[in-house]
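Biologist: I have a new structure to look at and would like to go through it slowly. Please show it first.

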There are 2 protein chains.
Amino acid sequence: MATRPMYEVIRGDLLDQITAGALPPEARLPSEKELAERYRVSRMTVRQALDALVRERLVVRRRGAGSFVAPQRARSRRLNRLVPFGDEVSEDVVTTEIRRLVQVPPAAVARVLELGETAETVRLVRLRTVGGTPAAVQESWVPVAAAPGLARTELIEGSLYRTLAERCGIAVSWAEQEITACAATKELAGLLGVPQRAPLVEAHRTAHEGSGRPVEHASSWTRPEFPFVVRLDA
Amino acid sequence: MATRPMYEVIRGDLLDQITAGALPPEARLPSEKELAERYRVSRMTVRQALDALVRERLVVRRRGAGSFVAPQRARSRRLNRLVPFGDEVSEDVVTTEIRRLVQVPPAAVARVLELGETAETVRLVRLRTVGGTPAAVQESWVPVAAAPGLARTELIEGSLYRTLAERCGIAVSWAEQEITACAATKELAGLLGVPQRAPLVEAHRTAHEGSGRPVEHASSWTRPEFPFVVRLDA
DNA sequence: GAGTGGTCTAGACCACATG
DNA sequence: ATGTGGTCTAGACCACTCA
């Protein structure tokens, strides 16, 4: 019996009640004391559960008053998260077309991946389509040394990160992304179905595993109808 | 004596040692037990201090091994934070030119600010200049009702948020931002010194106070040499 | 095996919000 | 005045890492 910690259990129960609507936005949660009694657990353990929900912005605490489900607008979707492309963009059907080859990357890419100038990478170029219209081109480089086998595996549902996780044992944990704008080159214009020199959203991302080792560098070009959404905190 | 909580004191001490370099990246911190003894405090209190540093990504824990200062590359600047424009862009000299007037905003802006169709706002248009070259145009709307006095106050160092905080008692706590691309209109091209139809980074932001009430809606157009940088987590 | 962080207890006193 | 969350104690057992 792989027994989860009690604070995880409590957090899960409260999360279920919040997402199911049994605890609607602004509703008061049971007090810490009451939860402690209900779960036959000490108050510190209840606080661990609530701490997690507060960090996830689902709950706010008010000293002297109680803990409350966060107002809807404070929740703001799954922002600043690394999510598969499909989840990023609505509910429409997402398809992916792939080109893949093994090659030595440009020097700038080798540098951010902390590779020597001659190390090989798997280069993936994907065309993402949403509801039938082309939305984005993504070009990724993954060091061959980091993910042996990637060159010979099919991508799981077009998702590089799922493939790295389930086929190569590499868990991407965080990434830094630069977002800017550019004019469509002739090639991008053709792929994305926009006029040459049309404005595109250009992004450059470096993804890392938990240890901090870089495992992917990617560039993407997206039609402006598909903006990036970011949450900022003070 | 406004006595800070002990876990804040401990966190502060460790933070100082990390930023001063006394505890360099990858260095092992004293064990929780040792810190507890040193500060004459229980281990749970030490853990509160370490929890905070872990959330700030300055420290990583390894069960059975110890707690360590996070590797440099995992820290990644002050990302996903609401910072004054000057802090966003390097060390260059930033100047600001301001136009300000009171007017009823477009319907789309009124809606996100949760205002009636006839409510007035302070509209600020700022031209941001970095090292002498124009970098961005920012257009902000702030409800007059939320910030009475804003219409008659000078901005503190060109910063709307500092002014709201120090002159109007409004603490902006978080914002949601949409980033996309557009082609420079004739007017933007003139202000930013780029050709007409040149690609620009376009962003739309709604900022909220802690209570969740929206206090600003802003749009900005930035030359692509000044990208947005975002950190994403799994 | 010794030391580390992960989880948990059963209390306590305090500052604060609300009726 | 009552009840809430904020802070803190002085222990405990466990799972894990490392020498």
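Here come some questions and answers.

Biologist: Before we start, what kind of model is this?

Modeller: Residues are numbered from 1 along each chain as its sequence is written, while chains are lettered from A and ligands numbered from 1 in the order in which they are written. Side-chain values use heavy atoms, without hydrogens and water, local features need pLDDT of at least 70, side-chain atom pairs count only at pLDDT 80 or more, and totals for chains, interfaces and linings use all residues, since we have a predicted model.

Biologist: Which residue does Trp174(A) stand opposite?

Modeller: Strand 6 of chain A pairs antiparallel with strand 9 (residues 228-233) of chain B, over six bridges. Within strand 9 of chain B, the residue opposite Trp174(A) is Asp233(B).

Biologist: Which strand of chain A is at an edge of the other open sheet?

Modeller: That sheet has seven strands in the order 9(A)-6(B)-7(B)-8(B)-5(B)-4(B)-3(B), paired antiparallel. Its edges are strand 3 (94-103) of chain B and, from chain A, strand 9 (228-233).

Biologist: At what angle does helix 6 of chain B run to strand 5 of chain B?

Modeller: Contact here means heavy atoms within 4.5 Å. Helix 6 (residues 160-168) of chain B lies across strands 4, 5, 6, 7 and 8 of chain B. Its angle to strand 5 of chain B is about 35°.

Biologist: What is the bridge partner of Thr180(B)?

Modeller: Strand 6 (residues 172-183) and strand 7 (residues 199-209) of chain B run antiparallel, joined by eleven bridges. The partner of Thr180(B) in strand 7 of chain B is Glu202(B).

Biologist: Which residue takes a positive phi in the hairpin of strand 1 and strand 2 of chain A?

Modeller: Strand 1 (residues 59-62) and strand 2 (residues 66-69) of chain A pair antiparallel over four bridges. Val60(A) stands opposite Phe68(A) there. Three residues lie between the strands, and the one with a positive phi, near 85°, is Gly64(A).

Biologist: Now the two chains together. How much area do they bury between them?

Modeller: Buried area is the accessible area (1.4 Å probe) that two parts lose on being put together, summed over both. Here 42 residues of chain A are in contact with 42 residues of chain B. With 55% of it on carbon and sulfur atoms, the area buried between the chains is about 3,700 Å².

Biologist: Which residue of chain A meets Arg73(B) in a salt bridge?

Modeller: A salt bridge is a side-chain nitrogen of Lys or Arg within 4 Å of a carboxyl oxygen of Asp or Glu. Between chain A and chain B the count is two. In one of them, at 2.7 Å from N to O, the side chain of Arg73(B) meets that of Glu114(A).

Biologist: Last one: which element gives the largest share of the side of chain A that touches chain B?

Modeller: The elements of chain A giving two or more residues to this side are helix 3 (43-55), strand 6 (172-183), strand 7 (199-209) and strand 9. The largest share, twelve residues, comes from chain A's strand 6.

Technical notes. Two strands pair if DSSP finds at least two bridges between them. Axes are lines fitted to C-alpha atoms, for helices over the stretch in contact, and angles run from 0 to 180 degrees between N-to-C directions.
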